[in-house]
Amino acid sequence: MDKVKELFRENGLKATAQRVIVYQALEKIGHASVDKVVEQVASVMPTITVATVYKILESLSGAGLISKMHTEQGKLFYDKTPTLHHHIYSSNDNSIRDFIDPELTSIIIDHLAKKSIDGFELEDISLQLIGKFTKEQN
């Protein structure tokens, strides 16, 4: 818990009990909707509200400690990994997995630099591969 508190301090957030519990829940789950985080947090803190969890997730995202993404159906998910990476969305089971590929990221950045989109400054890349697994994944 001390590592989490220190991480919060380094990123300008007060390490309240609610924030720590929400952050730890997302760390445990990986990729989750607000409802899934609420479900996880409620086992430790039953009085926490959906609105409070949402506000905490938004503050963690704003501080760069977690990231946000949308599923194929447009549902908002939060991701414990704040660094630049991509996702694989499996339609088999609606799961989301991290897909870390620096080479692909570099190709995208180089391609966009060559295109020189007038008045546009790239801040982030969020690539989501959508498909289904044809065999069981571990």
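Predicted model: local features only at pLDDT ≥ 70, side-chain atom pairs only at ≥ 80, totals over all residues.
Visitor: Let's start with helix α2. How many residues does it have, and how far does it reach?

Guide: Helix α2 has 13 residues. From its first C-alpha to its last it reaches 18 Å, close to the 18 Å expected at 1.5 Å a residue.

Visitor: Which residues of α2 are buried?

Guide: R19, V20, I21, V22, Y23, A25 and L26.

Visitor: And what do those buried residues pack against?

Guide: They pack against helices α1, α3 (34-42) and α4 (50-62). Strands β1 (31-32) and β3 are partners too.

Visitor: Take α1, then. At what angle do α1 and α2 cross?

Guide: The axes of α1 (residues 2-10) and α2 (residues 17-29) cross at roughly 110°. They come within 11 Å.

Visitor: What do we call that, parallel or perpendicular?

Guide: Roughly perpendicular. Angles from 65 to 115 degrees count as that, so the crossing of α1 and α2 qualifies.

Visitor: Which residues make the contact?

Guide: From α1, V4, K5, L7 and F8. From α2, R19, V20, Y23, Q24 and E27.

Visitor: How many of those are nonpolar, polar or charged?

Guide: Five are nonpolar, one is polar and three are charged.

Visitor: What comes just after α2?

Guide: G30, with a positive phi of about 100°.

Visitor: Which residue other than glycine has a positive phi?

Guide: S116 is one, with phi near 45°. Most residues other than glycine have a negative phi.

Visitor: Where is S116, and is it buried or exposed?

Guide: S116 lies in the loop between α5 (102-115) and β6 (128-131). S116 is exposed, at 55% relative accessible area.

Visitor: New topic: the sheet. In what order do the strands run?

Guide: The order is β5-β4-β6. Three strands form this open sheet, and the pairing is mixed.

Visitor: Which strands are at the edges?

Guide: β5 (95-99) and β6. Each pairs on one side only. Neighbouring strands are turned by 20° against each other on average, direction ignored.

Visitor: How many bridges join β4 to β5?

Guide: Five, and the two strands run antiparallel. Y89 stands opposite I96 in β5.

Visitor: Last one. Where is T81, and is it buried or exposed?

Guide: T81 sits in the loop between β3 (76-79) and β4 (86-90). T81 counts as buried because its relative accessibility is 16%, and the cut-off is under 20%.

Visitor: What is T81 in contact with, leaving aside neighbours within four places in sequence?

Guide: S67 and D98.

Methods. Residues numbered from 1 in each chain as written. Heavy atoms only, no water. Axes fitted to C-alpha atoms, helices over the stretch in contact; angles between N-to-C directions. Helix = DSSP H or I, 4+ residues; strand = E, 2+ residues; numbered from the N terminus. Parallel < 35°, antiparallel > 145°, perpendicular 65-115°, else oblique. Contact = heavy atoms within 4.5 Å. Nonpolar A, V, L, I, M, F, W, Y, C, P; charged D, E, K, R; others polar. Buried < 20%, exposed > 50% of the residue type's maximum accessible area, 1.4 Å probe, protein only. Pairing = 2+ DSSP bridges. Expected span 1.5 Å × (residues − 1).
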